[in-house]
Amino acid sequence: MFTRLYEEHLGAVFNYCLFRVGDRQLAEDLAAEAFEQAWRDRHRYDPERASFTTWLFAIARHRIVDRQRKLGQRTLIPLDGQHQDETPLPDEQVEQEAQLARLRHLVRQLPDEHQELIALKFAAGLTNRCIAELLNKSESAIGSAIYRIMQKLRQQWEEENVRSYNE
């Protein structure tokens, strides 16, 4: 049973950790620690209170926050954990990397709470309902917040395009 849950959630937990800490090795360690703690505390899990996914991501969030407190670090956003089936041509790769760098810069300017929502939604691939359970908010509040964040990022992206075009 736990093996199936591990296999089902490992990719999302790892992507979430990678998005939040920006270091592949540290993300692997944090994901492993989250699953180890889930295994040790499995007797505490109550499906009446939350889904397994919500419970597991709460553990992962706490591991990340604890690690960042110990190290005095601010959250980093790599945004490069996506796997591609085809290798782009060199000029396309340079363009993609430049755009990812711009996006990382914009996301780093957001408050930590907004970065957290982006990590949960896009890096971990969680549903708004799951994020709402995890953060003790309503599903509509999560959906609205993510919409506003994406609108803000889109607006900033366009403003940067206009600025760079005018330079």
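1. A word on terms before we start: helices (H or I, at least four residues) and strands (E, at least two) are DSSP runs, numbered from the N terminus. With that in hand, the elements of this chain run α-α-α-α-α-α-α from the N terminus on. The chain has seven helices and zero strands.

2. Some ground rules for reading the rest. This is a predicted model, in which local features need pLDDT of at least 70 and side-chain atom pairs count only at pLDDT 80 or more, while totals for chains, interfaces and linings use all residues. Residues are numbered from 1 along each chain as its sequence is written, and side-chain values use heavy atoms, with hydrogens and water left out.

3. Now the chain as a whole. Of its 167 residues, 38% are buried; here buried means under 20% relative accessible area, exposed means over 50%, and partly exposed lies in between (1.4 Å probe, protein chains only). The accessible surface comes to about 10800 Å², and carbon and sulfur atoms hold 49% of that. These areas come from the Shrake-Rupley method with a 1.4 Å probe, and for residues only the protein chains shown count as cover. Among contacts (heavy atoms within 4.5 Å) with a separation of 6 or more, 70% are between residues 24 or more positions apart.

4. On to the interior. In soluble globular proteins, nonpolar side chains tend to be buried together. A nonpolar core here is a set of buried Ala, Val, Leu, Ile, Met, Phe, Trp, Tyr and Cys residues joined through side-chain atoms within 4.5 Å. The largest one has 45 residues, and those with the most contacts inside it are Val-13, Tyr-16, Cys-17, Phe-57, Leu-117, Leu-120 and Ile-131. At least two residues of this core come from each of α1 (2-21), α2, α3 (52-71), α4 (90-108), α5 (112-123), α6 (128-135) and α7 (139-166). Helix α1 gives the largest share, 10 residues.

5. Tyr-16 deserves a look of its own. Is Tyr-16 buried or exposed? At 1% relative accessibility, Tyr-16 counts as buried. Beyond its neighbours within four places in sequence, Tyr-16 is in contact with Phe-57, Ala-60, Arg-61, Ile-64, Glu-116, Ala-119, Leu-120, Ala-123 and Ala-124. Phe-57 is buried too, with a relative accessible area of 0%.

6. Next, the aromatic rings. The structure holds seven aromatic pairs. Rings of Phe, Tyr and Trp (its six-membered ring) pair if their centres lie within 6.5 Å; planes under 30 degrees apart count as stacked, over 60 as edge-to-face and the rest as tilted. In one of these pairs, the ring centres of Tyr-6 and Phe-35 are 4.8 Å apart and the planes stand at 75 degrees, so the pair is edge-to-face. Tyr-6 is in helix α1 and Phe-35 in helix α2, 29 residues apart, so this pair links distant parts of the chain. Tyr-6 is partly exposed at 36% relative accessibility, whereas Phe-35 is buried at 4%. The rings of Tyr-16 and Phe-57 also form an edge-to-face pair, with centres 5.6 Å apart and planes at 70 degrees. Because Tyr-16 lies in helix α1 and Phe-57 in helix α3, this pair ties together parts 41 residues apart in sequence.

7. Ring pairs also link Phe-2, Trp-39, Tyr-45, Phe-52 and Trp-55 into a cluster. Arg-42 lies over the face of Trp-39, at 3.6 Å from the ring centre, and the charged end of Arg-102 sits over the ring of Trp-157, 3.8 Å from its centre. For this label, NZ of Lys or CZ of Arg must be within 6 Å of the ring centre and within 35 degrees of the ring normal.

8. Finally, the charges. A search of the whole structure finds eight salt bridges, each being a side-chain nitrogen of Lys or Arg within 4 Å of a carboxyl oxygen of Asp or Glu. Glu-33 pairs with Arg-67, with the closest N and O atoms 2.6 Å apart. Glu-33 is in helix α2 and Arg-67 in helix α3, 34 residues apart. Glu-33 counts as buried at 19% relative accessibility, and Arg-67 as partly exposed at 22%. Arg-69 and Asp-66 meet at 3.6 Å, N to O; being three residues apart in helix α3, they are separated by about one helical turn. Arg-20, Arg-61 and Glu-116 are linked in a network of salt bridges.
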